[in-house]
Amino acid sequence: MRAVVEIRGPREAELPLVLDSPHSGRIFPADFDAVVSEAELREAEDCFVDELWGAAPAMGVPLLAAQFPRTYLDPNRHAGDIDPELIDGAWRGELVSSGKAKIGKSLIWRTLEDGRPIYARKLTPDEVRLRIERFHAPYHEALRALLDAAHKRFGAVWHLNCHSMRAVAGRQSDDGEGRPRADIVLGDRDGTTCDPGFTEFVRATLAGMGYEVKVNDPYKGVELVRAYSNPRGKRHSLQVELNKRLYMDEATLQKNAGFGELQRNLETLLRSLAAHLK
């Protein structure tokens, strides 16, 4: 089986900073068995996010990237965030609901953004358990190891959880269909996952580049910033959502003329962070 995660850069960070991109994978497992096309499934992908932050590895900052698609299994969910409507039979494992099952967007997606079903059947408990063991667990183990290594070396670690978002809210979005979104949204779960000063430093740096930046609106951060943050223990996690209109065409899933500029600006942000965290 092909690798399900890729670690770019050193496994031991040279700065107290670690990045991860959980939704940029596009290698479709053979057992997906979806009844919609790969192109339709890729609408949920955070296209090119791992490339946008590509300056990190050369700076000695590890970048963890999922290789599998978000619609197959979402590593930004708890392993127990099971959708009962998708299971053929009883689920006997842990249940930790995020509430996303009601729209088919829990650990394993049941529907596309427009509400169409991804599968023509329900998945067996064994199929779901196998996905968790082969995809969810390795992603979380890799991220935990990177964060622990940086924390051990520096006594503190800062984690950027990297995503992209639709330019305009879709049908199932919490912020209301048709609502235009800011250029960048930072999420720290209302100040609980990192030092507010760190959030403000990132916000101010990006705003100084001319971007409209919002904090916790509409995205506050989900499982990956919740699970690995502990500001009192000097473990800080911040979710970063980039508006797709800045760098790509959402209809064709191709890069647009703004890609290079955004990539350079994110490198500038990383260099600013490197100096700030010393």
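R121 forms a salt bridge with D33, with 2.8 Å between the closest N and O atoms. The two residues lie 88 apart in the chain, so the pair links distant parts of it. This is a predicted model. In total, the structure holds 23 salt bridges. The largest pocket holds about 960 Å³ of space.

**The R121–D33 pair**
- R121 sits in the loop between strand 3 (63-66) and helix 3, while D33 sits in the loop between strand 2 (17-21) and helix 1.
- R121 is partly exposed, at 34% relative accessible area.
- D33 is also partly exposed, with a value of 43%.

**Other salt bridges**
- R110 and D83 meet through their side chains in a salt bridge, at 2.6 Å from N to O.
- Both R110 and D83 belong to the loop between strand 3 and helix 3, yet they are 27 residues apart.
- R110 has a relative accessible area of 16%, which is under the 20% cut-off, so R110 counts as buried.
- D83 is buried too, with a relative accessible area of 3%.
- R271 pairs with E267 in a further salt bridge, where the closest N and O atoms are 3.0 Å apart.
- R271 and E267 are four residues apart in helix 6 (residues 259-276), so about one helical turn separates them.
- An α-helix has 3.6 residues a turn, so residues three or four places apart point the same way.
- R271 is partly exposed at 48% relative accessibility, and E267 is partly exposed at 28%.
- A network of salt bridges links E6, R8 and D50.

**Helix 3**
- Helix 3 covers residues 125-154, which makes 30 residues.
- At 1.5 Å a residue, helix 3 should span 44 Å, and its end C-alpha atoms are 41 Å apart, so the two values agree.
- Helix 3 has a kink of about 35 degrees, centred on I132.

**The largest pocket**
- The lining of the largest pocket is made up of 41 residues.
- R70, R77, K100, Y219 and V222 are the lining residues nearest the pocket centre.
- Helix 1 (38-41), strand 4 (157-165), helix 5 (223-227) and strand 7 (235-243) each give two or more residues to the lining.
- Strand 4 provides the largest share, three residues.
- By type, the lining residues divide into 19 charged, 12 polar and 10 nonpolar.

Terms used:
Residues are numbered from 1 along each chain as its sequence is written. This is a predicted model: local features need pLDDT of at least 70, side-chain atom pairs count only at pLDDT 80 or more; totals for chains, interfaces and linings use all residues. Side-chain values use heavy atoms; hydrogens and water are left out. The expected span of a helix is 1.5 Å times one less than its number of residues. The bend at a residue is the angle between axes fitted to the seven residues ending there and the seven starting there. On a 1 Å grid over the protein atoms alone, a cavity is a set of points where a 1.4 Å probe fits but cannot get out, and a pocket is an open set with protein on both sides within 12 Å along at least five of seven lines; lining residues have an atom within 4 Å of a point. Grid points are joined across faces, edges and corners, and a volume is the space filled by probe spheres set on the points. Ala, Val, Leu, Ile, Met, Phe, Trp, Tyr, Cys and Pro count as nonpolar, Asp, Glu, Lys and Arg as charged, and the others, Gly among them, as polar. A salt bridge is a side-chain nitrogen of Lys or Arg within 4 Å of a carboxyl oxygen of Asp or Glu. Buried means under 20% relative accessible area, exposed over 50%, partly exposed in between (1.4 Å probe, protein chains only).
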